[in-house]
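Take a look at it first, then read on.

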Protein chains: 2
Amino acid sequence: MNILKQYKLNDGFLLRYQNLVCNEVIPYQKKILDDKVEGVEKSHAMENYRQAAQLLEKGKCDGEFYGMVFQDSDVAKWLEAASYSLSIKYDPELKKEIDSVIELVGRAQMSDGYLNTYFTVKEPGRQWTDLQEAHELYCAGHMIEAGVAYYESCGKDSLLKIVMKLADCIYNHFITEKAPGYPGHPEIEEALMRLYGATGEKRYMELALHFINVRGEDSDFFMKESQSRGWSVWGSWNGDKEYTLCHKPVREQMDAVGHAVRAVYLYTGMADAAYASKDKSLEEACLNLWKSIVNKRMYITGSIGSAYEGEAFTKDYHLPNDSTYGETCASVGLIFFANQMLRLQKKSEFGDVMERVLYNGLLSGMELDGKKFYYTNPLECIPGITGKAVNLRHVLEQRPAWFPCACCPPNVARLLTSIGKYIYSVEDENGCGKVWVNLFADGELNLSQYKRKIICKTKYPYGGSVNFTVTSEEGEKYLSDKFTLAVRIPSWSKKTRIYRNGKILSDHYLNIKDGYAYFTDFFLAKENIRLEFDMSIKKIYANPKVYSDNGKVAFTRGPLVYCAEGFDNDGDLLSVRIRKNPHAKVLGYNPDELSGVQKISVWAKRIKSDDNNECLYSDKKAAYEKINLILIPYYAWNNRGVNQMRVWLPQE
Amino acid sequence: MNILKQYKLNDGFLLRYQNLVCNEVIPYQKKILDDKVEGVEKSHAMENYRQAAQLLEKGKCDGEFYGMVFQDSDVAKWLEAASYSLSIKYDPELKKEIDSVIELVGRAQMSDGYLNTYFTVKEPGRQWTDLQEAHELYCAGHMIEAGVAYYESCGKDSLLKIVMKLADCIYNHFITEKAPGYPGHPEIEEALMRLYGATGEKRYMELALHFINVRGEDSDFFMKESQSRGWSVWGSWNGDKEYTLCHKPVREQMDAVGHAVRAVYLYTGMADAAYASKDKSLEEACLNLWKSIVNKRMYITGSIGSAYEGEAFTKDYHLPNDSTYGETCASVGLIFFANQMLRLQKKSEFGDVMERVLYNGLLSGMELDGKKFYYTNPLECIPGITGKAVNLRHVLEQRPAWFPCACCPPNVARLLTSIGKYIYSVEDENGCGKVWVNLFADGELNLSQYKRKIICKTKYPYGGSVNFTVTSEEGEKYLSDKFTLAVRIPSWSKKTRIYRNGKILSDHYLNIKDGYAYFTDFFLAKENIRLEFDMSIKKIYANPKVYSDNGKVAFTRGPLVYCAEGFDNDGDLLSVRIRKNPHAKVLGYNPDELSGVQKISVWAKRIKSDDNNECLYSDKKAAYEKINLILIPYYAWNNRGVNQMRVWLPQE
C-alpha cells in the first residue's frame with residue numbers, strides 16, 4: 001500500500017509542524033538551492049547541476065562546482081520532501097518546479113547512468129576512487145530516495161527512471177565489474193532497499209546487501225584507498241575506522257560507534273535488508289546495535305552523538321549535557337532505524353524510542369516558526385559558556401538560519417512530510433489487514449483495500465486521550481473479514497485505560513502483546529477504541545553510570561521531556577535545586593505562548609540572592625528560599641532569545 | 001640574599017618529594033636527554049647540541065636535528081633543576097655532568113651569542129622569522145634561567161656568561177636593530193628579570209619590559225609574520241590571538257585567556273617587571289589577571305586550563321571536571337605568578353593559592369614514586385570513558401612514564417628543588433630583616449646577614465601545628481636590631497591559635513595584616529612562635545555559576561583537597577551520594593600507605609545493588625543504603641591502578 005496517499009493529518013500538534021514544513025521550509029529551501037536568499041552561505045546546488053548538464057551537452061561549462069562534496073544531496077533531499085508535500089496538498093506550481101528540477105537532474109546524468117556534479121564538473125575521471133570521503137554513493141542514495149518519493153507521491157516515474165539508471169550504473173561497477181569497496185557514508189543501502197520496494201527489481205536488494213556484507217570485511221580498505229588514490233577531498237585522514245563503521249564486519253559490530261548519522265543510516269539499511277531477505281544474523285546485529293544505542297548511548301531527548309569530534313558516539317554512559325552533539329540528522333536517522341526495527345519485530349520499545357526522538361531531540365532542531373535550525377541539540381545551555389568556550393563552540397546559543405552544511409533542515413522536512421509512514425505500520429495477512437499504531441496524531445488512514453477508514457482524534461502530545469474510530473466504507477453493517485488494529489501503549493503510561501465502544505475493558509478482555517494492545521475481532525461497521533494514557537508528571541532518574549546526571553532529576557509528561565529556561569525563572573537556573581519530594585503540577589494549556597504549550601510548575605529552592613558571594617569556593621553552605629520552578633517542553637526551548645536552559649536539574 | 005644556599009628542608013612531606021626529584025627525576029631525566037632509556041620516545045636533546053657544536057666548529061655535522069622545535073628547553077630545564085639540587089646536596093659527579101653539558105651548550109653558541117639548535121642545525125638563516133611558533137625566545141628564556149640557577153647554586157658564572165651573551169644577542173636584535181615582534185610563548189620576560197636580578201645589568205630589564213610593552217600593541221603581528229615568512233614549523237595557524245595572548249596590549253587584558261602556561265609565564269614576568277620597575281599600571285594589570293584566574297577560572301585543586309583545545313583557559317566559571325586540562329606546567333607557572341604577586345603585595349591570598357596549587361594540582365602531576373607523570377590533571381576519572389571517549393582522550397586513566405613533549409616533569413623538578421624561594425620572602429629594611437613565611441615545611445632558614453636562624457618544625461600538611469624557633473647566632477643574649485617575622489594564616493583555618501614562647505596570644509596582642517601575623521618586637525635571642533591551625537574537615541561548595549559542581553560537595557582538610565577513589569570504595573563512586581549533613585572524620589595517619597596518608601571517612605549512601613537496573617532512564621527513585629565513603633588526598637590519586645576518582649561528589 002502507499003501510505004503517503006492514504007494517510008493525512010487532520011489537526012493538532014504535528015499538523016502545525018507539517019504545515020510549517022510545507023509552507024515555510026520547502027519554499028525557503030528551494031530559494032536557498034537557487035541562491036536567491038541574501039545574507040546566507042551560497043548553496044550553488046542547482047547551479048552545480050546546470051554546470052554538469054552544460055558540460056555533458058556542450059563538452060564544456062561556463063562555471064564551476066561550488067560547495068561541499070555532497071552538495072548534490074541538498075537537491076535530492078529537497079526533491080524528496082517536496083514530493084511528499086504534493087501528496088499532502090497538491091500544488092501545481094510546486095509540481096512544475098519539481099519537474100523542472102528533475103529535468104535538469106536528468107540532463108546532468110551521464111549516458112552510463114552516472115550522476116554526481118562534483119565529479120562530473122570538478123573531478124572528472126576520479127569517479128569511485130574516494131569512497132571514504134567523496135559521498136558519491138551517499139548522494140546517489142538520496143537521489144534514489146527522491147526518485148521513489150516522487151513516484152510514490154505522484155505516480156510519475158520521471159525521476160524513478162533516472163535513479164534506476166543510476167542504480168544500474170552502480171550495480172555495474174560494484175557487482176558486474178567487481179570493484180572493491182563500500183560507502184564511507186552509508187545511505188545508499190536503505191535507498192536501494194526502497195528502490196527494490198518500489199520496483200520489485202531484485203538486483204537493487206542484491207546491491208544493498210552487497211554493500212552491507214562487504215563493509216568491514218577488509219577494514220583496511222579505506223586506508224589502502226587513501227594511500228593509492230593520489231588525491232583527496234579534505235586532505236589527510238586520521239585512519240579512524242570506527243568513524244566510518246568499517247572496523248569490523250557489520251554482524252560483529254556490537255556497539256554503536258563512529259559518526260552517529262552514518263551509523264543510524266547504515267543500521268536502517270541493515271534492518272530493511274534483514275526484513276526483506278529474512279536474514280536472521282543481520283536482524284540480530286541490528287538488535288545488538290539498537291540495544292547499544294537505547295540502553296547505553298542515547299540522551300533522554302532521544303538525541304544521539306556525545307561528541308563534536310567526529311560527530312560521534314563515544315562510550316557507554318558518556319552523555320555530557322553541555323557538549324552534546326545530538327545532531328538533528330541523527331535523530332531523523334534514529335527514527336528511520338526504529339521504524340525498520342518495527343517491521344522486524346512488533347515491539348512497543350521501538351515505537352517508544354521513535355516517539356521520544358520525534359517529540360524532543362528532533363523537533364528541538366527547528367525553531368517554532370520553521371525558519372531557523374539547530375544542527376546540535378544540547379541538554380544544557382549556559383550563555384557566556386555555551387558556544388563560547390573553545391570546546392563548546394559547536395553548541396550554539398541560538399538557532400542559525402542556515403548552515404554551510406545544510407543537511408538537517410531538509411532531513412526534518414522529509415520526515416515530517418511523510419509522517420504517516422511512521423505513525424502506522426500496515427501488513428496484509430491473507431488478504432486481511434493488520435494495522436499497528438506506533439505514534440499518535442489527529443488524522444485519518446484510508447484503507448480502501450480493506451474497505452475501512454481509521455480516524456484518530458487526539459490532543460496529543462498534551463492530551464492523553466487517543467480516540468480511534470474504525471468505519472466501514474460500506475455504511476452501517478457488519479463486516480465479516482478479519483481485521484486487526486494494534487495500538488502501542490507507551491511505556492511511560494503506567495496506567496492506561498482502554499475503552500471499546502464507550503465501555504472500559506478490564507485486563508481480562510485485553511490482548512496485550514509486546515506493548516501493543518490488539519483488537520482483532522471487529523464486527524461492527526463502526527468501532528470505537530479509546531485509550532486514556534497516564535499523563536501524570538514523571539520524575540526521571542538516569543542510570544547512575546551516566547555520571548553527568550548523578551544527583552539530578554528530569555521531568556517528563558506524556559512523550560514530552562521538559563526543561564527549565566531562564567526566561568521563565570528570573571534568568572538563573574544555576575542556583576536552583578529541585579526539592580527532595582517535589583510536587584509538580586501541569587499548568588493550563590496556553591495557545592498563545594510558544595505556539596501552544598502546557599508548562600509545568602515544580603517545587604524547588606533557590607539560593608537567596610543576598611547569600612550569593614563572589615568566592616569561587618567556600619565552606620559556607622548557601623541559604624535557600626522556596627520557589628516554584630517553571631518548566632517548558634524541551635522541543636520549544638530557545639524560542640524567546642538567548643537564555644539558560646537545563647533538562648537535568650540538580651536535586652537536593 | 002641567596003635563599004637557595006640559605007634554606008633547607010629538614011624533614012617531612014615536601015622533603016620526601018624533594019628527595020624523589022633529586023634521586024629519581026633528575027638522573028632519569030638526564031638519561032632521557034642522552035637517549036639512554038629504552039622504550040620511551042627518543043629525546044635527542046643532547047645530540048641536537050652536539051650536532052650544532054659540530055656544525056659551528058667544522059662547518060658541517062654528521063646528524064640532524066630531531067624533536068620538538070623547543071627540544072632545547074628540556075636541556076635547559078634539566079640544567080636548572082640539577083643546579084638547584086647541588087645547592088641541596090653537593091654531588092661532585094653531578095657537578096661534573098652539569099659542567100660538561102654547559103661546555104657543550106657553549107660550543108653550540110654562535111659567535112654573536114645566538115643559541116638555538118633547531119635553527120642552527122635545521123633552519124639556518126631563518127632565525128627570528130617565526131616568533132609565533134618557533135619558541136626561540138622561550139628556549140632562550142629557559143637557558144637564561146638555568147644560567148642564573150647555576151650561578152646562584154654554585155657561584156660559577158660559566159653558564160651565566162653564555163646566557164648573558166645570548167641575552168645581548170637578543171637585545172641587539174630587538175632593541176638596537178629595532179626588530180619588531182614579541183615571543184609567541186612567553187618565558188623570556190621572567191628569565192630576563194632574573195638575569196637582571198643576578199647581574200644588575202639594566203639592559204635585561206629594559207628588554208623584558210620591551211617584550212611586555214610591545215605585546216599586543218600590534219595584535220596582527222603574528223598574522224603578518226605568518227603571511228610573510230614563507231615557511232612554518234607546524235603548518236597553518238588558526239589566527240587565534242588569545243591563544244598567544246596578543247589580542248590586546250597586556251595592560252588592557254582583563255581576563256586570563258589562551259594557553260594557560262603561556263599566560264601564567266607572561267603574568268609572572270609582568271609582575272616581576274612591575275615590582276622592579278615600580279610600574280603601577282603593570283601591577284594593576286597583574287592584579288586584574290590574578291583575580292580573573294582565582295575568582296573565576298581556577299579548579300579547587302589550583303589547576304588551571306579548562307580545555308584541551310589550545311591547552312587553554314575558556315570562560316568564567318567553565319570548570320568541567322572530566323575534561324579538565326589542568327596542565328602540570330600551568331600549576332608550576334601559577335605558583336611562579338603567585339610568588340611574584342607576593343613581592344608586589346604581602347597578602348595571604350597569594351600564599352593561599354600557592355599552597356592550594358602545590359599540595360593538589362601540582363603534586364598530582366607526579367606518581368608517588370617519582371617515576372610517572374601527568375600532563376593533565378582531571379578532577380574526575382571514570383575508566384572506560386576517561387581517556388577513551390574521543391573528546392576525553394587527553395585525560396589519561398594512568399600517568400605515563402614520559403612524554404614526547406616532556407615539559408612537565410622538569411618543571412616540577414625545578415620547582416621542588418628551589419622550594420625555599422616560595423616558602424620564604426625576605427626583604428631588607430634599612431639593614432633590618434623582614435621575613436614572610438608563605439608556606440609551611442619542616443626546615444631551616446639561615447639568615448646570617450641578620451645573625452639569625454629560623455627553624456620550622458611541623459608535620460604539615462597532615463599536622464596543623466607549625467612551630468618556629470628564631471635563634472641568634474651569637475648565643476643567649478638580647479638582640480637590639482629590629483627584625484620582623486610574618487606568618488601567613490591560611491584562609492582555610494577558621495580559628496588559629498597563636499603562641500609566643502609558649503603563651504597563647506589573644507587578639508589584642510596580635511598584629512594581623514592582610515592575612516599575615518606580624519611579630520616585630522623580638523628581643524630574646526631565642527624566640528618561639530607556634531601556630532595551631534584549624535584542621536577540621538571542611539565541606540566546600542563551588543560558586544553556583546560553576547554549573548559542573550552544582551549540587552556537589554568537595555572535602556578539604558588543611559591545605560589538602562580530598563577525593564574519592566574506587567579503590568577504597570568497592571570500585572564504584574557513581575551510585576554514591578554524600579548525605580545531607582554528613583559527619584566526616586579523619587582516620588589515623590598510616591605511614592605505610594600511599595607514602596604516608598591520612599584518609600577521611602564521610603557519611604554517604606549508595607544505591608542498593610539489588611536496586612540497580614539496566615535501564616538508561618527510569619521513573620523509579622533508587623533505594624539507598626548508608627555507607628561511609630573513604631576519601632584520600634587528591635595528590636595521591638591513581639597510585640594503585642586504574643580506578644574511578646571524583647573530587648566533587650553529588651550530595652543529597
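What follows covers the cavities and the residues around them.

This is a predicted model, where local features need pLDDT of at least 70, side-chain atom pairs count only at pLDDT 80 or more, and totals for chains, interfaces and linings use all residues. Residues are numbered from 1 along each chain as its sequence is written, chains are lettered from A in the order in which they are written, and side-chain values use heavy atoms, with hydrogens and water left out.

**Cavities overall**
- The structure holds 12 cavities of 30 Å³ or more.
- A cavity here is a set of points, on a 1 Å grid over the protein atoms alone, where a 1.4 Å probe fits but cannot get out, and its lining residues have an atom within 4 Å of a point.
- Volume means the space filled by probe spheres set on the points, with grid points joined across faces, edges and corners.

**The largest cavity**
- It holds about 90 Å³ of space.
- Its lining includes Ile3(B), Tyr7(B), Gln18(B), Ser87(B) and Gly420(B).
- Helix H1 (3-6), strand E1 (7-9) and helix H4 (72-88) of chain B each give two or more residues to that lining; helices (H or I, at least four residues) and strands (E, at least two) are DSSP runs, numbered from the N terminus.
- E1(B) gives the largest share, 3 residues.

**The second largest cavity**
- Its volume is about 50 Å³.
- It is lined by 13 residues, and the closest to its centre are Asp11(A), Phe13(A), Leu14(A), Ala441(A) and Asp442(A).
- Helix H2 (residues 13-33) of chain A supplies the largest share of this lining, 3 residues.

Technical notes. 1 Å grid on protein atoms, 1.4 Å probe; cavity = no way out; pocket = protein on both sides within 12 Å on 5 of 7 lines; lining within 4 Å.
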